Amino acid sequence: LCYNTAGSRLAECIIELMPRDEFRQIFKQSFKGNLMEMARDSNANYVLQRLILVAAQADEAKHSLMKAILKELLPGVEWMITSRRSGVVLSIAQAVALESDTSDKHASKFIRALYKATGASKEENNLVPALLFSSKSLFDHWRKYLNKHPDAMIPPPLRKNVPVDAEHQDEQYNTHAGNIGPSTSVVGSLIAQSLFRLPNV
């Protein structure tokens, strides 16, 4: 049901509307152990996003559902960010933020996974830029490029000749309307916003 377009939309509705007691049972019987497989699928990853958010709301005091979800998914955060599955990471961020009042442990594990996935460093305090640019390396490259060509930040009609950054001239770059440089990630910015709701961030 989760692995085709129509079925995945139906599954999302069922997950959203089912009683929370039943959801906890269905999660343990049908979803637990299959979360990364769902993340990899172009349809099932949307069901997974809904599943994560409902799990955070349906979880009991011991947070057993979120504990199981994080155990399966956190090792795959880097893959998700680099493979156009950032929506799943956003759902994790939102779910962890929902329960952060009662469980700092999950927030800490999630933050550590994000640092590792993006190559960001706590000492450099650069997790948010790394999320916005989808990786620390792209952010660092863009920062060096701007130091060398500060005019690149000036809007196109006012800007004089600035060389396009040939090394990273690819689909990540925002070259329409004469802009130079990488586009920031919309989902990355939403993940960053969710982080601000977490304790000790």
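## Salt bridges

Keep in mind as you read that this is a predicted model. It holds 3 salt bridges. In one of them, Glu12 and Arg50 meet through their side chains, at 3.6 Å from N to O. Because Glu12 lies in helix H1 and Arg50 in helix H4, this pair ties together parts that are 38 residues apart in sequence. Arg50 also meets Glu16 in a salt bridge, with an N to O distance of 3.2 Å. This second pair again links distant parts of the chain, with Arg50 in helix H4 and Glu16 in helix H1, 34 residues apart.

Arg50 is partly exposed at 31%, and Glu16 is partly exposed at 33%.

A further salt bridge joins Asp21 and Arg24, whose closest N and O atoms are 2.5 Å apart. Both residues lie in helix H2, 3 residues apart, or about one turn of the helix. Asp21 is exposed, with a relative accessible area of 55%, whereas Arg24 counts as buried at 15%.

Next, look at helix H2 (residues 20–31) and helix H4 (residues 44–58): their axes come within 10 Å and cross at roughly 130°. That angle makes H2 oblique to H4. The crossing of the two helices is left-handed.

## Around helix H1

Helix H1 covers residues 5–17 and includes Ile14. Together with Leu1 and Leu10, Ile14 forms a nonpolar patch on the surface, with about 290 Å² of accessible area in total. Ile14 itself counts as partly exposed, at 38% relative accessibility.

Thr5 is also found in helix H1, and it is partly exposed at 42% relative accessibility. The C-alpha atoms of Thr5 and Ala44 are separated by 8.5 Å, although the two residues are 39 apart along the chain.

## Two loop residues with positive phi

Which phi value does Arg84 have? Its phi is positive, about 60°, although Arg84 is not a glycine. You will find Arg84 in the loop between helix H6 (77–82) and helix H7 (86–99), where it is exposed with a relative accessible area of 68%.

Asn125, another residue other than glycine, has a positive phi near 55°. Its place is the loop between helix H8 (104–118) and helix H9 (127–132). Asn125 counts as exposed, at 63% relative accessibility.

Note on methods:
Residues numbered from 1 in each chain as written. Predicted model: local features only at pLDDT ≥ 70, side-chain atom pairs only at ≥ 80, totals over all residues. Heavy atoms only, no water. Patch = residues over 30% accessible without salt bridge, like charges linked within 9 Å, V, L, I, M, F, W, Y side chains within 5 Å. Areas by Shrake-Rupley, 256 points an atom, 1.4 Å probe, with all protein chains shown as cover. Salt bridge = Lys/Arg side-chain N within 4 Å of Asp/Glu carboxyl O. Helix = DSSP H or I, 4+ residues; strand = E, 2+ residues; numbered from the N terminus. Buried < 20%, exposed > 50% of the residue type's maximum accessible area, 1.4 Å probe, protein only. Axes fitted to C-alpha atoms, helices over the stretch in contact; angles between N-to-C directions. Parallel < 35°, antiparallel > 145°, perpendicular 65-115°, else oblique. Left-handed = near helix turned anticlockwise from the far one by under 90°.
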